[in-house]
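Biologist: Please take a close look at one part of this model for me, the sheet and what surrounds it. I would like the strand pairing, then the contacts around it.

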Amino acid sequence: QVQLVESGGGLVQAGGSLRLSCAASGRTLSMYAVGWFRQAPGKERELVAAISRSGGFTSYKDSVKGRFTISRDNANNTVYLQMNSLKPEDTAVYYCSADPTMSWGRYAYWGQGTQVTVSS
C-alpha cells in the first residue's frame with residue numbers, strides 16, 4: 001500500500017508560479033512511476049505530467065510543456081510539480097498517482113487532490 005498526500009495548491013494570479021508536492025508513505029515511492037493529473041469542473045481527469053521510477057524519463061501534456069516541470073526525490077519519497085507562467089485554464093484539482101507501469105489503472109494509487117486556482 002502507498003499513501004499519497006498532495007500539497008502546495010492555492011490561489012495565484014495568471015503568470016504566477018506554484019510548486020505542488022506529492023509525499024508518499026508506506027512503500028517506497030521509487031518502486032512507482034508517478035503522474036500528476038488534473039480535473040477541472042465538468043471535465044474529465046487528464047494526465048499533465050509523468051515521471052519514471054528513476055526520474056530518467058518524463059512526459060508532459062502539450063499545453064504545459066515549457067511551463068511545468070516534474071521531478072522526484074526518491075530519498076525523501078516525494079514528487080514535485082513546478083508550475084510556472086500559470087494560466088486561468090490551469091485551474092483544477094491536481095492529483096498525484098503512483099503506478100508500477102505508468103498505466104494508471106487498477107494498480108494505481110491516488111492522493112486526495114489539491115486545488116489550484118489561477119485568477120486572470
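Modeller: Two strands count as paired if DSSP finds at least two bridges between them. The strands are themselves DSSP runs (E, at least two residues; helices are H or I, at least four), numbered from the N terminus. The model is predicted: local features need pLDDT of at least 70, side-chain atom pairs count only at pLDDT 80 or more, and totals for chains, interfaces and linings use all residues. Residues are numbered from 1 along each chain as its sequence is written, and side-chain values use heavy atoms, with hydrogens and water left out.

Start with the sheet. It is open, has four strands and runs in the order E1-E3-E8-E7, with antiparallel pairing. E1 and E7 stand at the edges. Each has a single partner strand, so one side of each lacks a neighbour in the sheet.

Now go across it. E1 pairs with E3 in the antiparallel sense, over six bridges. There, Gln3 stands opposite Ser25 of E3. Next, E3 pairs with E8, again antiparallel and over six bridges. Here Cys22 faces Val79 of E8 as its opposite residue. Last, E8 pairs with E7, also antiparallel and with six bridges. Asp73 has Thr78 of E8 as its bridge partner. E7 and E8 form a hairpin, with four residues between the strands. In its turn, Asn77 has a positive phi of about 55°.

How buried is E8? Five of its six residues are buried, so the rest of the structure largely encloses E8. Buried here means under 20% relative accessible area; exposed is over 50%, and partly exposed lies in between (1.4 Å probe, protein chains only).

Cys22 leads out of the sheet. Its sulfur lies 2.1 Å from that of Cys96, and the two form a disulfide (cysteine sulfur atoms within 2.5 Å). The count by this rule is one disulfide. Cys22 belongs to strand E3 and Cys96 to strand E9, so the pair ties together parts 74 residues apart in sequence. The link between Cys22 and Cys96 is right-handed, with 70° about the S-S bond. Cys22 is buried, at 0% relative accessibility. Cys96 is buried too, at 0%.

Next, the core. The largest nonpolar core has 28 residues. Such a core is a set of buried Ala, Val, Leu, Ile, Met, Phe, Trp, Tyr and Cys residues joined through side-chain atoms within 4.5 Å. Leu4, Trp36, Phe68, Val79, Leu81, Met83 and Tyr94 touch the most other members. Among the elements that give two or more residues to the core are strands E1 (2–7), E3 (18–26), E7 (68–73) and E8 (78–83).

Contact means heavy atoms within 4.5 Å. Leaving out neighbours within four places in sequence, Phe68 contacts Arg38, Val48, Tyr60, Leu81, Gln82, Met83, Asn84, Leu86, Asp90 and Tyr94.

Arg67 lies in the loop between strand E6 (58–60) and E7. Arg67 counts as buried, at 10% relative accessibility. A polar atom of its side chain lies 3.0 Å from the backbone oxygen of Ser85. That is a polar contact: N or O atoms within 3.5 Å, one able to donate a hydrogen and the other to accept it within protein, with residues adjacent in sequence counted only if both atoms are side-chain atoms. Not counting residues up to four places away in sequence, Arg67 touches Gln82, Met83, Asn84, Ser85, Leu86, Lys87 and Asp90.

Thr114 belongs to strand E11 (residues 114–119). Its relative accessible area is 11%, so Thr114 is buried. A polar atom of the Thr114 side chain lies 3.2 Å from the backbone nitrogen of Gly9. Beyond four places in sequence, Thr114 touches Glu6, Ser7, Gly8, Gly9, Leu20, Ala92, Val93 and Tyr94.

Finish with the loop between E9 and strand E10 (109–110), where Met102 lies. Met102 is not a glycine, yet has a positive phi of about 65°. Met102 is partly exposed, at 26% relative accessibility. Trp104 is found in the loop between E9 and E10. Its phi is also positive, near 50°, in a residue other than glycine. Trp104 counts as buried, at 17%.
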